[in-house]
Amino acid sequence: MSVQSGQQIARLRETVARLHAELTRYGLVAWTAGNVSARVPGRDLMVIKPSGVDYDDLSADNMVVCDLDGAVVEGDHSPSSDTAAHAYVYRAMPEVGGVVHTHSTYATAWAARGEAIPCHLTAQADEFGGEIPIGPFALIGGDDIGKGIVSTLTGHRSPAVLMRNHGVFTIGRDARAAVKAAVMCEDVARTAHLARALGQPVPIDPADVDALYDRYQNVYGQRPVSPTNT
Ligand SMILES: [Zn+2]
């Protein structure tokens, strides 16, 4: 392995370890459930959480480097039991640089009912571009979960899928974007649940969903300031 790619992997180990703290900070995980991974750019490798290690004990050193068939390349621990699903997504979706899995409470309650979260909130239109879809029921082990994630999210605006009776998988251009999607998914799932409990939520016109999504994805946020514009 070249020095450059060794440094790249070392940085990703730090990043992936640190991002796991966001899952506990936002209350998305219980015990050792949940995991974050990142693709190593330009390499058929990913960095992923070790299996069964307490969140407080996660560090750059105990992250696991796997190939995109899920085989361990570097690390002293077994990788997450969801490694096959993450690997399948990276093989099938080259644009994806990060994958997150949680059983966050409200989103998983929608998954338990097998019900997509309809888009009744502008924040959901911004981040997800419409409903958050339901994926198929799939048993862990093998490629079934990965296939369900890819078949549901391919061609869909949403970076999150609610795998039926299971929980949330999110994708992003990098691991941080996938973590953000997991946080926002739980946030809109909770609000949608409360709105449904209190009455009938009001739909947003699909044209307005499109406009919100386009603005948020293409215009919103910090951009470099041009010299003529300061
Ligand atoms: Zn799970």
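**Exercise 1. Which residues in α1 meet A175, R176 and V179 in α6?**

Solution. This is a predicted model, in which local features need pLDDT of at least 70, side-chain atom pairs count only at pLDDT 80 or more, and totals for chains, interfaces and linings use all residues. Residues are numbered from 1 along each chain as its sequence is written, and side-chain values use heavy atoms, with hydrogens and water left out.

Step 1. Locate the elements: helices (H or I, at least four residues) and strands (E, at least two) are DSSP runs, numbered from the N terminus. Helix α1 covers residues 3-25 and helix α6 covers residues 175-198.

Step 2. Identify the meeting residues, where contact means heavy atoms within 4.5 Å. On the α1 side they are L19, E22 and L23.

Step 3. Describe the geometry. The two helices pack at an angle of about 5 degrees, with their axes 10 Å apart. Axes are lines fitted to C-alpha atoms, for helices over the stretch in contact, and angles run from 0 to 180 degrees between N-to-C directions. Angles under 35 degrees count as roughly parallel, over 145 as roughly antiparallel, 65 to 115 as roughly perpendicular and the rest as oblique. Helices α1 and α6 are therefore roughly parallel to each other.

**Exercise 2. Determine which residues coordinate the zinc ion, and where H101 and H166 lie.**

Solution. Step 1. List the donors, which are N, O and S atoms within 2.8 Å of the metal (3.2 Å for Na, K and Ca); water is not among the atoms, so sites may look incomplete. The zinc ion is coordinated through NE2 of H101, H103 and H166, at 2.1 Å.

Step 1. Read the spacing along the chain: the donors follow H-x1-H-x62-H.

Step 2. H101 has a relative accessible area of 1% and is buried.

**Exercise 3. Explain why α5 is described as largely enclosed by the rest of the structure.**

Solution. Step 1. Seven of the 10 residues of α5 are buried, so the helix is largely enclosed. These residues are I145, G146, G148, I149, V150, T152 and L153.

Step 1. Find their surroundings: they pack against α2 (83-92), β6 (134-135), β7 and β8.

Step 2. Take T152 as an example. Its relative accessible area is 14%, and it is buried. Leaving out residues up to four places away in sequence, T152 touches P133, I134, G135, P136 and V161.

Step 3. Look just beyond the helix, where G155 takes a positive phi of about 80 degrees.

**Exercise 4. Are W31 and N165 buried, partly exposed or exposed?**

Solution. Step 1. W31 is in the loop between α1 and β1 (35-40). With a relative accessible area of 75%, W31 is exposed.

Step 1. N165 is in the loop between β7 and β8. Its relative accessibility is 43%, and N165 counts as partly exposed.

Step 2. Examine the backbone. Phi of W31 is near 55 degrees, a positive value in a residue other than glycine. For N165, also a residue other than glycine, phi is positive and near 60 degrees.

How values were computed. Buried < 20%, exposed > 50% of the residue type's maximum accessible area, 1.4 Å probe, protein only.
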